[in-house]
Amino acid sequence: MAILGGMAASIQLTVPGTLRYRNIAVRVVAEAARLVSGSVQRDPTDLLDHDVRDPFDLAVVSAFMEIFNNVAIHAYKRKDGGLIDISITVAERELTIEIKDHGQAFDLEGVAPLPTELDESTLPEGGMGIHIAKTMLDEVTYEPGPPNLWRLRKRLPAKQVAVGTSGRS
Amino acid sequence: MATPYDIENIGTESNLKVRGSLDINTAPALAEEIDRIIAAKPTKVVCDLSGLDLIDSSGVAALVKLYKGVRSTGGAIQIIGARDQPLAIFKLLRMDKVFNL
């Protein structure tokens, strides 16, 4: 799929830094992911359809949801007043998302890893969000601010070629 | 925001169907229902995720709470029907084997 004649396209979105606006941001990110993956929404007329079956879309949306949650909860403490600036760069085979906030910095190094041996007794009830984001994406970086900056990057795997290019019809 | 679940209680058994998106905005309502389910000490709970399209870590936490709570009171729990993004998340977190998905 050609992105603006081969050039990367930039999408800017600013939303209030509360969970009330999360779904708006998630929908924009899901659509941006589809531009890279070439996937088609199951039912574009159904605004309540959370359709992220494509592996690329699934990874991007899953990771973004966790980082948005993190900003709203940890940076802005679930309070109104802050903004989240989201910059999405859509390239031929890659999606980059920058998420900027002016809240409290997050201690990324302080996130405990998941238990190595998982069974009924060690099932975690928290601390999974960063693990999901890091595992789903090719790159997750965080620069404490102000402003604090999360940078997320996902490349389209070689075997998953976007619609309109060779290898997938 | 619509509550993304239906609950059916038959005797000491509960059937819970979760649908749509189970996330940081919708999980708190389900967590309250889970508290009620656990308090009733059911002998068996079936949690059907076939209608669930999307989940985040808050949603996973709610289901872990259900699983642990039912098991801790001696009940049996089956989590069935996970697909697409929710199944991918459970696999990533290695919970698919614990939940026998």
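Predicted model: local features only at pLDDT ≥ 70, side-chain atom pairs only at ≥ 80, totals over all residues.
Chain A comprises 3 helices and 5 strands. Along the sequence these elements are arranged in the order β-α-α-β-β-α-β-β. Of its 169 residues, 47% are classed as buried. Among the contacts in chain A with a separation of 6 or more, 66% are made by residues 24 or more positions apart.

In soluble globular proteins, nonpolar side chains tend to be buried together. In the present model, the largest nonpolar core contains 80 residues. The residues with the most contacts inside this core are Ile86(A), Leu95(A), Ile97(A), Trp150(A) and Met95(B). Helix H2 of chain A (residues 55-75) provides the largest share of the core, namely 12 residues. When residues up to four places away in sequence are not counted, Trp150(A) touches Ile67(A), Asn70(A) and Val71(A), together with Ile97(A), Glu98(A) and Ile99(A). Further residues touched by Trp150(A) include Phe106(A), Leu108(A) and Ile130(A), as well as Val140(A), Thr141(A) and Tyr142(A).

The contact between the two chains involves 32 residues from chain A and 29 residues from chain B. About 2,500 Å² is buried between the chains, and carbon and sulfur atoms account for 64% of this area. Of the area that chain B buries against chain A, 22% is supplied by Ile24(B), Leu92(B) and Arg94(B), more than by any other three residues. Between the chains, 10 residue pairs are in polar contact, both residues being at pLDDT 80 or more. On the side of chain B that touches chain A, at least two residues each are supplied by strand S2 (13-22), strand S3 (44-55), helix H2 (57-72), helix H3 (84-92) and helix H4 (95-98) of chain B. H2(B) makes the largest contribution to this side, with 8 residues. The composition of the side of chain B that touches chain A is 15 nonpolar, 5 polar and 9 charged residues.

Side chains of opposite charge can pair when their charged atoms come close. Over all chains, the structure holds 16 salt bridges, and the count between chain B and chain A is 4. One salt bridge is formed by the side chains of Asp23(B) and Arg22(A), with an N to O distance of 3.5 Å. Another involves the side chains of Glu125(A) and Lys68(B), at 3.6 Å from N to O. Because Glu125(A) is located in the loop between strand S3 (94-101) and helix H3 (129-136) of chain A, whereas Lys68(B) belongs to helix H2 of chain B, this pair joins two chains. Glu125(A) is partly exposed, its relative accessible area being 43%. Lys68(B) likewise counts as partly exposed, at 24% relative accessibility.

Salt bridges within chain A were also identified. Arg155(A) pairs with Asp138(A), the closest N and O atoms lying 4.0 Å apart. Arg155(A) is partly exposed, with a relative accessible area of 39%, and Asp138(A) is partly exposed with a value of 42%. Arg155(A) and Asp138(A) also belong to a network of salt bridges that links them with Glu94(A), Glu139(A) and Arg153(A). In a further salt bridge, the side chains of Arg151(A) and Glu143(A) meet at 3.4 Å, N to O. Glu143(A) is partly exposed, at 40% relative accessibility.

Arg34(A) is situated in helix H1 of chain A (residues 22-37). With a relative accessibility of 7%, Arg34(A) falls under the 20% limit and therefore counts as buried. Apart from neighbours within four places in sequence, Arg34(A) is in contact with Ser39(A), Gln41(A), Asp51(A) and Asp57(A). Glu33(B) lies in helix H1 of chain B (residues 27-39) and is buried, with a relative accessible area of 10%. Beyond neighbours within four places in sequence, Glu33(B) is in contact with Tyr5(B) and Ile7(B). The side chains of Glu33(B) and Tyr5(B) make a polar contact at 3.2 Å.

Notes. Residues numbered from 1 in each chain as written. Chains lettered and ligands numbered in written order. Heavy atoms only, no water. Contact = heavy atoms within 4.5 Å. Buried area = accessible area lost by both parts, 1.4 Å probe. Polar contact = N/O pair within 3.5 Å; in protein donor to acceptor, adjacent residues only side chain to side chain. Helix = DSSP H or I, 4+ residues; strand = E, 2+ residues; numbered from the N terminus. Nonpolar A, V, L, I, M, F, W, Y, C, P; charged D, E, K, R; others polar. Core = buried A, V, L, I, M, F, W, Y, C linked by side-chain atoms within 4.5 Å. Buried < 20%, exposed > 50% of the residue type's maximum accessible area, 1.4 Å probe, protein only.
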